[in-house]
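This report looks at how the parts of one protein chain are arranged and which side-chain pairs link them. Please keep the sequence and the coordinates at hand while reading.

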Amino acid sequence: MDLLLRDTLSGRARPVRHRRGRPVGIYVCGPTVYDGAHVGHARTYLFFDLVRRHLEAERIPVHHVMNVTNFEDKIDTRAAELGVTWRTLALREEAGFLRDLHALRILSPHVRPRASAFVPQMTEVVRRLARTGRVHRQGDEWMYTPPARPREVNFATASELASHAVHEPGHPFPLGEGAAGEFMVWKRQDPPRPSWPGPWGRGTPGWHLECYAMANQLLGLPVDVHGGGTDLIFPHHFAENEVALALRHRPFARIFVHPGLVLWEGSKMSKSKGNLVRLRAALQEAGPDALRWYLLGRPLIDRFHWTSEGAHRSASEWRRIQRTLQHWLRAGEGGRVGAVRAREVAEEVRRDLAADLATDRVFDHLRAWVTAIEGDPSGHVPFGERGRAAAALRDVEWRTGLRILT
RNA sequence: GCCAAGGUGGCAGAAUGGUUAAUGCGGCGGCCUGCAGAGCCGCUUCCUGGGGGUUCGAUUCCCUCCCUUGGCUCCA
């Protein structure tokens, strides 16, 4: 069954397909490691976790890459505060971040390249961009200014540009020279800050080049599925896509996906604002399954308003679902709800996940199933059906990442 | 300001050009209860942001206004 995902760039639902002879290439923008993960990160990576689970359940090979940005200004700042090197801090935070994602049972990407290992490739990208004649110096920074492009080729940049745009079919989207579409490709910088030799002396390559260099080398462009939180659309995914268009004359990705951000107390959770719920704390309080049940309970594309009350409710609902299903699986006499129903539910789950990962509907099916079991005086799967029922449940478990049986 | 997504019962959140607008949570009332779990039943009767328009008929389509939230080079 094809997995349909809504592509953010075109706004259309598109089937995830792999190129001939290759696995599906998924490239996910990973974290900048200077602090722990919060539940917003968790929800974003849950999205890609479900993409992968679905494809693998359908026996479609997947190659899943998530980068780790391990050099960046904020890491330097934090490292200086702590009196350690940026490499030390980044290694430590990366380990903690990945441990938390793992605790949520998010499948580990097949490859987790660190940005610092791709500096030569990034520097080569800088050189090739410079050859286009579109790079200009601005103090200690070198900026790349993208050319005008038809509107449907890349994400809209900032407001001013969009507001002046004349949306005539087939006409280029006016992207002014030196305007908001430009982005930094190289910055002069010296130790102890991260720095390497480059086209204009020692310095550090721009962040946006990182994902291009890695995706190009590890997966080949365009990658089949690419994304991250909606806050990355501009400038990050815009810039990556510009690089791909400039150097390879093809888009960065065939499908861009952007799960909705998690908000808390009315605004976006972010490290810089400090208004966040840490993943580790949430895991300790609720456990991985209840947390999944909460975070996946609404369409992943929509914004998610985190409340502690909502988290508690979800946790108690999850307990009920798990308890009832575990009890049901102990075979008994006269059970009305049997393996056939389990198989139906598993098939509904499969179908709803294939339709743009409609986890909210998936959960509705599970709730209805549990309610049916609870309304059954026996409350057990009939004798002789346990094996088939358990198999159906295991399929649901695999696809959703929820652990029901144990 | 511009771009985008939304505004449905106490809350969350579906659905549909047409009988009493799903479901879950919560609340209220009642029943049952002791080798899974407290569960089960009933009630919560006039909820679709405002205003226009299209239509025999709109929550559903169109226009407009209002409001909320996010983005607009730190961001998952």
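## Model and domains

The structure is a predicted model, and local features are described only where pLDDT is at least 70. The domain assignment divides chain A into domain 1, which is made of two stretches, 4–146 and 182–264, and domain 2, which covers 308–401. Between the C-alpha centres of domain 1 and domain 2 there is a separation of 37 Å, and the contact involves 13 residues from domain 1 and twelve residues from domain 2.

## The contact between the domains

The size of an interface is often expressed as the accessible area that is lost when the parts come together. For domain 1 and domain 2 the buried area is about 1200 Å², and carbon and sulfur atoms contribute 54% of that area. On the side of domain 1, the residues that lose the most area to domain 2 are L50, R53 and H54, which together account for 45% of what that side buries.

Polar and charged pairs also cross this contact: there are seven residue pairs in polar contact between domain 1 and domain 2, counted with both residues at pLDDT 80 or more, and there are two salt bridges between the domains. Two elements, β1 (4–6) and α1 (39–57), each give two or more residues to the side of domain 1 that touches domain 2, and the largest share of that side, seven residues, comes from α1. By residue class, the side of domain 1 that touches domain 2 consists of seven nonpolar residues, one polar residue and five charged residues.

## A salt-bridge network

Side chains of opposite charge can pair when their charged atoms come close. In the salt bridge between E58 and R399, the closest N and O atoms are 3.0 Å apart. Both of these residues also belong to a network of salt bridges that links E58, E347, R350, D395 and R399.

## Other salt bridges in the chain

Over the whole structure, the search finds 23 salt bridges. One of them joins D2 and R17, with the closest N and O atoms 2.6 Å apart; this pair links distant parts of the chain, since D2 belongs to the segment before β1 and R17 to the loop between β2 (13–15) and β3 (24–28), 15 residues apart. D2 has a relative accessible area of 35% and is therefore classed as partly exposed, and R17, with a relative accessible area of 44%, is partly exposed as well.

Within helix α1, R52 and E56 lie four residues apart, about one turn of the helix, and they form a salt bridge whose closest N and O atoms are 3.0 Å apart. R52 is classed as buried because its relative accessible area is 7%, whereas E56 is partly exposed, with a relative accessible area of 26%.

A further salt bridge joins the side chains of D73 and K187, with an N to O distance of 3.0 Å. Because D73 lies in helix α2 (residues 73–82) and K187 in strand β9 (residues 183–188), the pair ties together parts that are 114 residues apart in sequence. D73 is partly exposed, with a relative accessible area of 33%, while K187 counts as buried at 12% relative accessibility.

V185 is found in strand β9, and its relative accessible area of 0% places it among buried residues. Once its neighbours within four places in sequence are left aside, V185 is in contact with V126, L129, V135, W142, Y144, T204, P205, G206 and L209. For G206, which is 21 residues away from V185 along the chain, the separation between the two C-alpha atoms is 4.2 Å.

G133 is found in the loop between α4 (119–131) and β5 (135–138), and the C-alpha atom of G133 is separated by 9.3 Å from that of T145, a residue twelve places away along the chain.

Conventions
Residues are numbered from 1 along each chain as its sequence is written. Chains are lettered from A and ligands numbered from 1 in the order in which they are written. Side-chain values use heavy atoms; hydrogens and water are left out. Domain bounds come from an automatic or database domain assignment. Contact means heavy atoms within 4.5 Å. Buried area is the accessible area (1.4 Å probe) that two parts lose on being put together, summed over both. A salt bridge is a side-chain nitrogen of Lys or Arg within 4 Å of a carboxyl oxygen of Asp or Glu. A polar contact is a pair of N or O atoms within 3.5 Å; within protein, one must be able to donate a hydrogen and the other to accept it, and residues adjacent in sequence count only if both atoms are side-chain atoms. Ala, Val, Leu, Ile, Met, Phe, Trp, Tyr, Cys and Pro count as nonpolar, Asp, Glu, Lys and Arg as charged, and the others, Gly among them, as polar. Buried means under 20% relative accessible area, exposed over 50%, partly exposed in between (1.4 Å probe, protein chains only).
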